[in-house]
Amino acid sequence: MAYSKVISATANVKPSAGKLRGFFCSAASSTPTVTIYNSAAATTTKKVIDTFTPVAGTNYFFPGDGIWCDDGIYVVIANTVTLSVIYE
């Protein structure tokens, strides 16, 4: 079963192993960036998705089983971004 968490600031979406299914960007302005890490806490050593600029109103979903994260799902947001993160 997939879960959703809406975030607009850097957040620990899932503090344990799980799958990143994707995310929907509902707002993005002021040169926004997003980076996603395989991490249970605020560590930024194992990137899952490298830093990129999201576009508002866009789905970013990963086919098949999504992206497995051994440690957790930690999302770093810079500037103005609102994401609905879909995960298991």
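**Contacts, cysteines and rings**

Visitor: Which residues does Ser84 touch, not counting residues up to four places away in sequence?
Guide: In this predicted model, Ser84 touches Ser4, Lys5, Val6, Gly22, Phe23 and Phe24.

Visitor: And where does Ser84 lie?
Guide: In strand β7, which covers residues 73–87.

Visitor: Is Ser84 buried or exposed?
Guide: Buried. Its relative accessibility is 19%, and the cut-off for buried is under 20%.

Visitor: Switching to cysteines. How many disulfides turn up in the whole structure?
Guide: The search finds 0.

Visitor: What about Cys25, then? How far away is the nearest cysteine sulfur?
Guide: That sulfur belongs to Cys69 and is 19 Å away. Cys25 is in no disulfide. A pair would need its sulfur atoms within 2.5 Å.

Visitor: And from the side of Cys69, which cysteine sulfur is nearest?
Guide: That of Cys25, at 19 Å. Cys69 is in no disulfide either.

Visitor: Why does Cys25 count as buried?
Guide: Because its relative accessibility is 0%.

Visitor: Cys69: buried or exposed?
Guide: Cys69 counts as buried, at 0% relative accessibility.

Visitor: Now rings. How many aromatic pairs are there?
Guide: The count comes to 6.

Visitor: Which residues do ring pairs link into a cluster?
Guide: Phe23, Phe52, Tyr60 and Phe62.

How values were computed. Residues are numbered from 1 along each chain as its sequence is written. This is a predicted model: local features need pLDDT of at least 70, side-chain atom pairs count only at pLDDT 80 or more; totals for chains, interfaces and linings use all residues. Side-chain values use heavy atoms; hydrogens and water are left out. Buried means under 20% relative accessible area, exposed over 50%, partly exposed in between (1.4 Å probe, protein chains only). Rings of Phe, Tyr and Trp (its six-membered ring) pair if their centres lie within 6.5 Å; planes under 30 degrees apart count as stacked, over 60 as edge-to-face and the rest as tilted. Helices (H or I, at least four residues) and strands (E, at least two) are DSSP runs, numbered from the N terminus. Contact means heavy atoms within 4.5 Å.
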